[in-house]
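Subject: Structure handover

Hi,

My notes follow below it.

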Amino acid sequence: MNICVMAGDGIGPEIVEQAVRVLRAPALGLTLSFTEALVGGAAYRAHGHPLPESTLSAAQASDAILFGAVGDFSLDTLPRELRPEQAILGLRKALNLFANFRPAMVYPELVDASSLKPEIVAGLDILIIRELTGDIYFGQPRGIRVRDDGVREGFDTMRYSEPEIERVAHVAFKAAKRRNNRLCSVDKANVLDTMQLWREVVISVSKQYPEVALSHQYVDNAAMQLLKNPKQFDVIVTGNMFGDILSDEASMLTGSIGMLPSASLNEHGFGLYEPIHGSAPDIAGKNIANPLATILSAAMMLRYTFANAAAADRIEAAVQMVLRQGVRTGDIAGPGVTAVGTRQMGDAVLAAL
Ligand code: NAD
């Protein structure tokens, strides 16, 4: 198991360090090799580019990437293609990471962190699978033009090919099989031709997964249902733009940005695993960031790239045990609770393992 470690900027190095300690835990008994590579602002400072050739080749030579976060406000004046965040887009494109997995779980101990009523979110455990390399974000033509009547107009193109829909549908049905055999496909087939094709193709792929119950929702309804009755969902699959919005909405159901992992996979199971939060420059270097989202991303890596569900389960159980023990970093500590530091949270997970 060759893991390319890209710690990145801000709190990235602190949180990734804890995830690597967990992966190395003797209790897990894994044989892993780690290669470190610079990415984002750190790479720009050393090599003049947020995704240097050396980083890309280190990624290509590995089986998975453990990614911290990128982003550095002092580099925001650089041309867009040199900004730290471009590294993620470059990795997605170069490695064809078309399926984005975003679980949203509410731990019983953190149910009060949600802005929704506890009875609506208690026990929530959903997985949103967002197509990541197509749709209106990449479709051509696009631009801003001046019409014949002199009025400026902006335009983008929503576009999905049948194979693009098929491959993400297969990923979603397989994920549903590993969970509770329920998949909801979210589209806008009532208005958009692209989404009509989306629905037809998902239905046709479903014939190969008779054990999975497939349902469909229009995106506007799905946005409402996520707030009204989120526990009706198990796995959701949707396109790039709808998934962008719905996965952020779903993450807020849990109320704790420092707890949520993600994975972006290609068809060979290669994946980039990262917390959903950014580089949090406001708290970088202070040993107060919550490392649990990154530790849970490492668990996803074991589950999805290395097919080691047992080890993934153990890490997730250790995180739950730590929460049950009342160990909290500042972002999830309620009033009156003494918070531990980043490293101490890592220690607690190791002890629980
Ligand atoms: P952010 O997610 O970095 O931070 C938002 C808020 O949440 C901050 O108050 C931060 O302190 C807090 N927070 C985030 N992660 C935390 C953790 N693990 N523990 C405790 N608190 C945590 O979002 P932002 O401030 O909008 O962006 C900061 C930088 O990160 C920007 O440069 C942005 O472009 C970048 N960014 C990167 C990624 C990524 O690498 N995938 C994602 C989002 C934003």
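I start with a loop. Aspartate 135 sits in the loop between strand 5 and strand 6; helices (H or I, at least four residues) and strands (E, at least two) are DSSP runs, numbered from the N terminus. Aspartate 135 is not a glycine, yet its phi is positive, about 80°. Proline 141 is also in the loop between strand 5 (125–131) and strand 6 (143–146). The peptide bond that joins glutamine 140 to proline 141 is cis, with omega about 0°.

Before you go further, the ground rules. This is a predicted model, where local features need pLDDT of at least 70 and side-chain atom pairs count only at pLDDT 80 or more, while totals for chains, interfaces and linings use all residues. Residues are numbered from 1 along each chain as its sequence is written, and side-chain values use heavy atoms, with hydrogens and water left out.

Domains

There are two: domain 1 (1–98 + 266–353) and domain 2 (102–256). The bounds come from an automatic or database domain assignment. The domain centres, taken over C-alpha atoms, are 24 Å apart. Domain 1 puts 15 residues into the contact and domain 2 puts in 17; contact means heavy atoms within 4.5 Å.

Together the domains bury about 1,400 Å², with 68% of it on carbon and sulfur atoms. Buried area here is the accessible area (1.4 Å probe) that two parts lose on being put together, summed over both. On the domain 1 side, Phe98, Ile276 and Tyr304 lose the most area, together 40% of what that side buries.

What polar links cross between the domains? One residue pair is in polar contact, both at pLDDT 80 or more. A polar contact is a pair of N or O atoms within 3.5 Å; within protein, one must be able to donate a hydrogen and the other to accept it, and residues adjacent in sequence count only if both atoms are side-chain atoms.

Helix 10 (292–304) and helix 11 (309–324) each give at least two residues to the domain 1 side of the contact. Helix 11 has the largest share, four residues.

Salt bridges

The count is 16, with zero between domain 1 and domain 2. The rule is a side-chain nitrogen of Lys or Arg within 4 Å of a carboxyl oxygen of Asp or Glu. One of them joins arginine 45 and aspartate 72 at 2.7 Å, N to O. Arginine 45 is in helix 2 (residues 41–47), and aspartate 72 is in the loop between strand 3 (64–69) and helix 4 (86–95), 27 residues apart.

Ligand

The ligand has 20 residues around it, and Val70, Glu85, Gly278, Ala280 and Asn290 come nearest; the cut-off is a heavy atom within 4 Å. A ligand oxygen is 3.1 Å from a backbone N or O atom of serine 279. A ligand oxygen also lies 2.9 Å from a side-chain N or O atom of aspartate 282. A ligand nitrogen is 2.9 Å from a polar backbone atom of asparagine 290.

Best wishes
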